[in-house]
Amino acid sequence: MPSFTRPLGPARRLKNIGFVVASVLASVLVLAPLVSIFGYLVYKGVGSVNLAFVTHLPKPVGEEGGGMANAIVGSLMILGLGSLIGVPLGIGAGIYLAEFGRGRFVTLVRFTADVLNGVPSIVVGIAAYALVVLPQHHFSALSAGVALGIMMIPTIARTTEEMLLMVPNTIREAALGLGISQWRTTLQVTLRTASKGVITGAMLAFARVAGETAPLLFTAFGNQFWNLDPNQPTSALPLQIFSYAISPFDEWHRQAWAGALVLIILIVVAVSAVRVVTSRGTMTHNA
Amino acid sequence: MRFKPPVFASQDASRAVQTIEVPRIELRSSRMGKVLDVLFRYSLLICALSVLAIMALFFYELTSRSQLSISKFGFRFFTGNTWDPVSGDFGAMPFIYGTLVSSLVALALATPLAVGVAVFVTELCPRSLRGLISFTVELLAAIPSVVYGLWGIFVLAPLLRTYVEPWLAKYLAWTGFFTGPAYGIGMLAASVILAIMIVPIIASITREVLIAVPQNQREAVLALGATRWEMVRMAVLRNARAGIMGGIILGLGRAIGETMAVTMVIGNRPEVAKSLFAPGYTMASVIANEFSEASDDLYLSALIEIGLALLIVTVIVNACARLLIWSITRGQGARTHA
């Protein structure tokens, strides 16, 4: 322990200045890549995003133009399938953890969900491949949906649980005290009170898996043409960006940037749309 | 979300803005209600069990599908240096090496930066900037991996090739880590991309832990005449070190499993090279690149065994990190309301 009674010496003063400078520098260094990434996305992507890009199929190598319409639709289909699996299971698990959760079993589920969150997405892809693709003998949008749905469950479960735990107990007690059955209390009182946070949590999970590429590589596999059948291989935006980015063609690089910009915009639009809808919902609710 | 106590309209009608309105529902209780209650409870239990089932399924599927490779190669699989699908000889050493080196270098780059940001946000920066900076750092976590890869190929790699790598080669070549031709694409690029991707994870956990340090600890040290740095070092970082460690381990778990961005910038060559300029290969990228082309059963089984190894390692790493973080932030995070 140094003695603090002496006046502030130059060594201590310098150390302090060095510390402030270092932490400011660290912040700048961390934020720099973000600025650079968004800058390049807009700079390289904006010129190539046009109506043709979102309405046309990819063109073969050497031809100018073309778009990623099938990949955008494919992504939406896979994400829809994933949400159908992930959202109900995730919210259900979250409700169980928050409302019926006592003892070791719940701690185990909570812990497993947290650990599951850290399992690499490529491993989830292998599991979906073994689970759906191998028995079916072909790649499919469905298998990709299963992979993304599995990835959504732990995130949604934990955020739902946290949101429900913020609802004061008196509200539950009031409802139960009126003789309302447990399931209605939980669904129509507790869950509804926490609905905004629960939906935001589900949306964040959606945004997280929307950009996932690794689990799609050997489930959705990719497709150069239109496909609306969940049982067939499907193109997806991240897959298309990946294969164009590692290709040797300038035209495809341009399209990859455009695809990345569209992907980011889709994610941001989806998240903010839900934000707007839920906030309006509670506003009229309160009025 | 914060709840204020309900205000009755007769008391103050003008203030009744931010109150919870409990939804109006009909009071109708019946025997059906009891049956539905039980049904409800069990369907929720099934949802909760699905979390455990998924984890069990991962282990079951990956273990059973990699039997072929496990029984043929045994432990030699993890020490072997050759990866030859044509002759059916598989050793995962180059991939394990690539994953370890890229993750550890990324961790070394990311940790000081992430802790620096967290300290800046919680201890130094003006209140008005605080929200903005945390939000931007979290935005980094929301960028898809494939977009990082795209940026890595076309922005980061040329930057490394023309500026950073020549400089490193000039001044630090004697270490042996920075020799050979500077391609831009290679182990160094992968480490830098990984570092950028794990900074938000470490930073957000560190921030949480720093906030959890009681304010009076800071005040006590400041009152003794300490400078800001001395306050942060003695009162804040010392109290928070276990939690920061948890954040770092969590970042390590993410770095080990990260696939797309790394695959796009690491160069994908299964070799063990000392120089960070050289191209490498990681466990996750070899699965990403070769899985859908794996023609025979042994090849596929070998790739799935790498996946199994990844699963086991990340589960252990994440379990350790969670236990550490839980032990620090207990009482703030999830806890039953009962």
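Predicted model: local features only at pLDDT ≥ 70, side-chain atom pairs only at ≥ 80, totals over all residues.
## Overall form of chain A

Chain A contains 11 helices and 0 strands, and its pattern along the sequence reads α-α-α-α-α-α-α-α-α-α-α. Its radius of gyration is 24 Å, well over the 19 Å given by the globule rule for 287 residues, so chain A is more spread out than a compact globule.

Along the principal axes, the C-alpha atoms of chain A fill a box of roughly 70 × 70 × 45 Å. Of the 287 residues in chain A, 49% are buried. Where contacts in chain A join residues at least 6 apart in sequence, 72% of them link residues at least 24 apart.

## Helices H5 and H6 of chain A

Two packed helices are described by the angle between their axes and the distance between the axes. In chain A, helix H5 (residues 121–136) packs against helix H6 (residues 141–165) at an angle of about 135°, and the axes are 9 Å apart. H5(A) and H6(A) are therefore oblique to each other. Their crossing is right-handed.

On the H5(A) side, the residues that meet H6(A) are A:Ser121, A:Val124, A:Gly125, A:Ala128, A:Tyr129, A:Leu131, A:Val132 and A:Val133. H6(A) contributes A:Leu142, A:Ser143, A:Val146, A:Ala147, A:Ile150 and A:Met151. By class, this contact has 11 nonpolar, 3 polar and no charged residues.

## Contact between chains A and B

Chain B places 85 residues in contact with 90 residues of chain A. Within the side of chain B that touches chain A, helix H1 (residues 31–65) of chain B supplies the largest share, 20 residues. That side of chain B divides into 58 nonpolar, 19 polar and 8 charged residues.

## Residues with positive phi

Most residues other than glycine have a negative phi. A:His137, in the loop between H5 and H6 of chain A, has a positive phi near 65°. A:His137 counts as exposed because it has 6 C-beta neighbours inside 10 Å, and the cut-off for that class is 12 or fewer.

In chain B, B:Asn268 has a positive phi near 50°. B:Asn268 lies in the loop between helix H10 (260–265) and helix H11 (283–290) of chain B. With 20 C-beta neighbours inside 10 Å, B:Asn268 counts as buried, since that class requires 20 or more.

Notes:
Residues numbered from 1 in each chain as written. Chains lettered and ligands numbered in written order. Contact = placed C-beta atoms within 7 Å. Helix = DSSP H or I, 4+ residues; strand = E, 2+ residues; numbered from the N terminus. Nonpolar A, V, L, I, M, F, W, Y, C, P; charged D, E, K, R; others polar. Axes fitted to C-alpha atoms, helices over the stretch in contact; angles between N-to-C directions. Parallel < 35°, antiparallel > 145°, perpendicular 65-115°, else oblique. Left-handed = near helix turned anticlockwise from the far one by under 90°. Rg over C-alpha atoms; globule rule 2.2 N^0.38 Å.
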